[in-house]
Amino acid sequence: MCGIVGIACSEIENIGKMIRRCLERLEYRGYDSAGIAVIRDGSLIVRKGRGKIAELNRRLRFDEIYGRVGIGHTRWATHGKPSDENAHPHTDCRDTIAVVHNGIISNYLELRENLEARGHVFKSETDTEVIAHLVEENFKNVRDLFEAFRRSVEELCGTYAIGLISIYEPSKIFFARMTSPLIIGVGDGMNMIASDIPAVLEYTNRVIVLKDGELGYITPTEIYIEKDGKPVNWRERVRVISWSLDMASKGGYPHFMLKEIHEQPLALSNTLSGIEMENVRNICSLLAKADRIFITGAGTSYHAGLVCDYLLTELAGANVTTFIASEYRKYVNAINDSSVLIAISQSGETIDTLMAVRTFKERGCKVIAVSNVVDSTIPRESDMVIYTRAGPEIGVAATKTFTTQIMVLTILSITLAYMMERLREEEYKYLIRQLQELPSLTEKIIRMHEARCMILARYLKNRTNAFYLGRGLGVPIAMEGALKLKEIAYIHAEAYPAGESKHGPIALVERDFPVFFVVLDDYYVEAIVGNVMEMRARDAYTIALAPRKYVYKFAKLCDYVIDMPNVDYRVAPIPYIIPLQLVAYYTSVMRGLDPDKPRNLAKTVTVE
Ligand code: G6P
């Protein structure tokens, strides 16, 4: 994970402040520690430490650093605990070189031993520090900094996005990319590198997304990229980003997460209107021919995959297997060239999902990516792609990218079912109309239920556990609801198919234990009523999300009811998750936590 940034300006600027502001936009990638290195008057100024950027800025005064060229880092610890010493940037023995890095150098121990044998003294436990010493060592021999950097990168194994500065070439920032994301921001009289697009938006909307194996340098006025020793023509790769800075700011909301929950009606309508039906039909033709469809993703994206699994299986009768991305190995011998993999990743960079994509592709499987970030690695490496148009999502806990993923996956599923003549035309058109109503429906749900969700949060904030139960399509929604509460409110929450709750989980239930029921399908109403009764009999605090037509039924049985619109169960996952997102958000806030930056988590996980 981690976020890196580098800025090269023609004039002396308040560069510490510029880097700090960029880093704040990358903080969702990790916030165990942060740091900045700037070249000033022929020497390096390095300020870094454990903690979040805002508190470090107060302590280390990033904002008071002036200069032309600098790099910055926000860390999610992998090698070495979060500490001042392990914070990036890391420097060589003589403080002539500073480096920031996202990824893992897998051969760092071997490199470190070699360098120590040559007299290099290390100050941290990180894998990153070897890069600074390696460049220092190679520079001694070749006396050309770029050549030293190039040779050093050749010696690295693993994953990396690197930014490096040195007093020997004070107007350059050297960079290299392998697997970990890295972009160049093309400005006027300044250029930048960063892990992600939102980091540079304040300064430029022109970006180049770097590819694996590319390395080079930027100066305030120059960009040089090469791959396999040959210069790359980058001019044709400059893209103008339509995301505005506003979209990547809180816009008056106290947290990104709340803003992103509220943005869902717009994100859904943008996603719907951005869907190219011809692309959908092409993807469906591929799916129709598949003898087995695999679906994968991590975290929330995996839950969207489970919704798609249910729809493809039930509506299209497809042979579907859905797995958590990091568990892809199990299927290696089950893949052939008639299999298709749907890889879901909002960032398009999650390493586990990427590894599954690469392994499946190597074995002849076709890959369809569902992503929110145009040109990110997973879409680039896939055969076909369908984008959600949620806009940048900054809060670590996914919200609007989840509902928009479900939107595109539902369209794929019902279109496949229609193409396979398992869904009649009227039924297909009816479901499309139901989907078209979701932007206004979700808006209404937020308006009507936000206050009720706060009331529920007041109850939950003092609890230590919760269950989320559902049946059918309610199961992945229960799983997503539980994940939200767990990750941002730090309340232990488990989701189960409601029927399974009797096989173990119910043993934990005692007076006032909160149990949510996701009731979104008529077919399961009576069975869920039975499960509510079982929980009531153990004095649980029961909460139902139930369609309006059953509200009275559940109001009589449950302690708390959120009445949901009467929508077809096949499109219900989108509206039903919204109150659960709001409940988790308000519970987190009422517990005095920061829902945008939950402890130990990062938004984009780029380490296996
Ligand atoms: C992390 C984030 C989650 C996200 C998951 C997958 O765990 O904290 O919010 O769902 O990664 O991310 P992706 O970008 O692949 O959807």
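Which backbone oxygen lies 2.9 Å from a polar atom of the side chain of N372? The backbone oxygen is that of G391, in a model that is predicted, where local features need pLDDT of at least 70, side-chain atom pairs count only at pLDDT 80 or more, and totals for chains, interfaces and linings use all residues. Residues are numbered from 1 along each chain as its sequence is written, and side-chain values use heavy atoms, with hydrogens and water left out.

N372 sits in the loop between β19 (366-371) and α11 (377-381), where helices (H or I, at least four residues) and strands (E, at least two) are DSSP runs numbered from the N terminus. With a relative accessible area of 3%, N372 is buried; buried means under 20% relative accessible area, exposed over 50%, and partly exposed in between, with a 1.4 Å probe and protein chains only. A polar atom of the N372 side chain also lies 3.0 Å from the backbone nitrogen of A390. Leaving aside neighbours within four places in sequence, N372 is in contact (heavy atoms within 4.5 Å) with W243, S345, Q346, T388, R389, A390, G391 and T401.

**The ligand**

| Residue and atom | Ligand atom | Distance |
|---|---|---|
| Q346, backbone N or O | oxygen | 2.8 Å |
| S347, polar side-chain atom | oxygen | 2.6 Å |
| V396, backbone N or O | oxygen | 3.0 Å |

The protein covers 91% of the 390 Å² of accessible area that the ligand has on its own, with accessible areas taken from the Shrake-Rupley method with a 1.4 Å probe.

**Helix α3**

In helix α3 (residues 108-117), the buried residues are Y108, L111, R112 and L115. Seen down the axis of α3, these buried residues fall within an arc of 100°, so they line one face of the helix, the arc being that of the directions from the helix axis to the C-beta atoms. An α-helix has 3.6 residues a turn, so residues three or four places apart point the same way. The partners against which the buried residues of α3 pack are β6 (97-105), α4 (129-142) and α5 (145-155), while on the other side of α3 the residues L109, E110, E113 and A117 are exposed. After α3 comes G119, whose phi is positive, near 100°.

**Backbone geometry in the loops**

D41, with a positive phi of about 50°, belongs to the loop between β2 (33-40) and β3 (43-50), and at 71% relative accessibility D41 counts as exposed. D95, with a positive phi of about 55°, lies in the loop between β5 and β6, and its relative accessible area of 42% makes D95 partly exposed.

Technical notes
Polar contact = N/O pair within 3.5 Å; in protein donor to acceptor, adjacent residues only side chain to side chain.
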